[in-house]
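Trainee: I would like to learn how to read a structure of this kind feature by feature. Could we go through it together, with the general idea first and the particular case after it?

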Amino acid sequence: MKNKLPFTSTILFKAVISHLLLFSALFAWNAHGFLTREASFTRFSIFYVSSLLLLIWFTTRISIGLNQISDQIDDFTEQKYTVRKQIPGHTEINQLYDKVVNLGEKTEHAQERLESSSTRLNGILTYMTDGVIATDRRGKIVLANTAALEYLNVSEKNLLSRKIIDALDIASNYTFRDLLENEPEIIIDSENAMGEFTTLRIKFALFRRESGFISGVVAVLHDVTEQEKNERERRLFVSNVSHELRTPLTSVKSYLEALDEGAINDPDIAPGFIKVSLKETDRMIRMIQDLVTLSRMDSDTIALEKEVINFIAFLHYQLNRFDQIVGNSDENEKQFKIVRQIPLQPIWMEIDTDKMGQVIDNLMNNAIKYSPAGGKITVSLEQTNTQVLLRISDEGLGIPKKDLPKIFDRFYRVDKARSREQGGTGLGLAIVRDIVKMHDGFVWAKSDGETGTTFTVVLPYAPLEAETDSEVDDWTGLTD
C-alpha cells in the first residue's frame, strides 16, 4: 500500500503559504493608502525579493535532495550498498529517498541470491562429467562447461558464438530447425583434449522461458566410448567364437570322415590326418581355456596371489625356458636367438608370479611366431624410481600403425590367415592387457610396420627390502 505524505507537508504547499503570507502582509501594510507610490514600490520590491529568496531556498533544498538521491542510485549501481546519504527534513524528497534505499536493499538481496544461484550453477556445470552446451534462439553457442570443451578439444573463445551444428560437425545431417523440432539423440566421434578418440552421445532439449518462448537449445554430451566398445565386443564375440571354433571343427570333421571312409588304413595318409586333427583340437582347447580366463577376469573372480620376489631372477627363469626350446628344437623348426639386456642388481617386487609368467609367455610366443628364421628377440628391463619397464622386441614384419590401437582387442588379428596358420587364438594379447591392468600397470606396442615390433610392459615399483638372499636361489631353482 502506497504511503503518501499529506499535502500540508509538501514543499509546494509551504512555498504557496509563504507567498500568501508575504503578500498578505504587504497588502495589509498598504491597505490605508498612507504610503506614497515610491514607498509602496520599495516595499513591494522588498517583499518580492524576500519571497523569491524563500523560493530559491526551497528549490535549493529540492535540488540538493534530488542530487543526493541521484548519488545514492549511482552508489547502488556500483554495488556500494553500505553507503547511505543524509537528507534533512520530512518532505516528499525524504520519502522518495527512503523508497530508493528500500529498492537498493531489495536489489542487494536479489543480487546476492542471483550470485549464489550463479555460483552453484557454475559449480555444478564445472564439475559435471557430462558436457553441457547452451545456445541462443539463433543457434549460436552462449555457454559451454569444462567437460564440453575437453570433449570437443576446443577453447571457450573459439567455441562461443559459433553455431552449434558447426561446432558439433553435424551440419551435413541436421539444421538448427531440426534440433528445435525433433530434439534428436545423436552419436558423434570426436578427439578429446588428450588426443584420444571418443564416442559422444548428444541429447538435445529446448530451453524455454516462463512465458513458454523458446530461447535456445541445451545439448548434453555424454562419453559412451567404453559402452560402445563393450557393445561392439559383445556383438563380435559370438561371431568370432563361432567362426574360430567352426573352422577347426570343420577341418577335424573332414579328416575324421576321410579316416572313417578308409584312409585310416593308408599308412601314408592316416598319420598326417591324425596329426592335423590333434593340432586343431589343441588349438580349440587353448582357445576355450583363454575364453574361460578372460571370462573370469571380466567377472572379477580371479584374485591375484602376490608375493615378493626378485623380478630379475624371475625374468631369467622365464627366459631360460625359451632357451631350452631353442636348444631342443629340430632342424626343421624355426631358429631364433634371445638377447638379454637385464641389469644385475636385484629388483624386489610384489607380483602374482603365475599371472606375470603368463604375460611373458604370451609376449615371447608372439615374438617367436612372427620373427623370421634366425631372428633375434631382445628382452630388456629398465628400472626408475616408480616403475619397471619390460620390453620384448622382435625382428618380424611389424604391425601397421592403423592396427596398433586394436591389437589388444579380443580376436583381433593383423593377418588373420597367418595367425590361424601359426595356431593363435587371437586372445593372448587381450589376456596380457588384463593381467597387467590387474597389477595396476599398462602395456603398449610400438612398430613402424616394417622392422619388427616392441611390446612394453610398465609395472608400478616401490623399493622393497628382501628378507634373505636365499629367496633368489629359491626362485632360480624352480622347475617347470
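Trainee: In which helix do Lys253 and Glu257 both lie, and how many residues apart are they?

Mentor: Please keep in mind throughout that this is a predicted model. Lys253 and Glu257 both lie in helix H8, which covers residues 225-260, and they are 4 residues apart, about one turn of the helix. The two form a salt bridge in which the closest N and O atoms are 2.3 Å apart, and Glu257 counts as partly exposed because its relative accessibility is 37%, between the 20% and 50% cut-offs.

Trainee: How many salt bridges does the count come to, and which parts does the pair of Arg201 and Glu185 tie together?

Mentor: A salt bridge is counted when a side-chain nitrogen of Lys or Arg is within 4 Å of a carboxyl oxygen of Asp or Glu, and by this rule the count comes to 9. In one of them, Arg201 is joined to Glu185, with the closest N and O atoms 3.2 Å apart. Arg201 lies in strand S4 (residues 197-208) and Glu185 in strand S3 (residues 185-191), so this pair ties together parts that are 16 residues apart in sequence. Arg201 itself is partly exposed, with a relative accessible area of 25%.

Trainee: Are Arg433 and Asp434 buried or partly exposed?

Mentor: The side chains of these two residues, Arg433 and Asp434, meet in a salt bridge at 3.3 Å, N to O. Arg433 is partly exposed, with a relative accessible area of 22%, whereas Asp434 is buried, at 12%. Salt bridges that share partners also join Asp352, Asp354 and Lys355 into one network.

Trainee: How many residues of H13 are buried, and which are they?

Mentor: Helix H13 is mostly covered, since 8 of its 11 residues are buried. They are Gly428, Leu429, Ala430, Ile431, Val432, Asp434, Ile435 and Val436. After H13 comes Asp440, whose phi is positive, near 65 degrees.

Trainee: How is the packing of two helices described, and at what angle do H11 and H13 pack?

Mentor: Two packed helices are described by the angle between their axes and by the distance between those axes. Here helix H11 (residues 353-370) and helix H13 (residues 428-438) pack at an angle of about 145 degrees, with their axes 9 Å apart, and H11 passes H13 in a left-handed crossing. On the H11 side, the residues that meet H13 are Lys355, Met356, Gln358, Val359, Asn362 and Leu363. On the H13 side, their counterparts are Gly428, Leu429, Ile431, Val432, Ile435 and Val436.

Methods
Residues numbered from 1 in each chain as written. Predicted model: local features only at pLDDT ≥ 70, side-chain atom pairs only at ≥ 80, totals over all residues. Heavy atoms only, no water. Axes fitted to C-alpha atoms, helices over the stretch in contact; angles between N-to-C directions. Helix = DSSP H or I, 4+ residues; strand = E, 2+ residues; numbered from the N terminus. Left-handed = near helix turned anticlockwise from the far one by under 90°. Contact = heavy atoms within 4.5 Å. Buried < 20%, exposed > 50% of the residue type's maximum accessible area, 1.4 Å probe, protein only.
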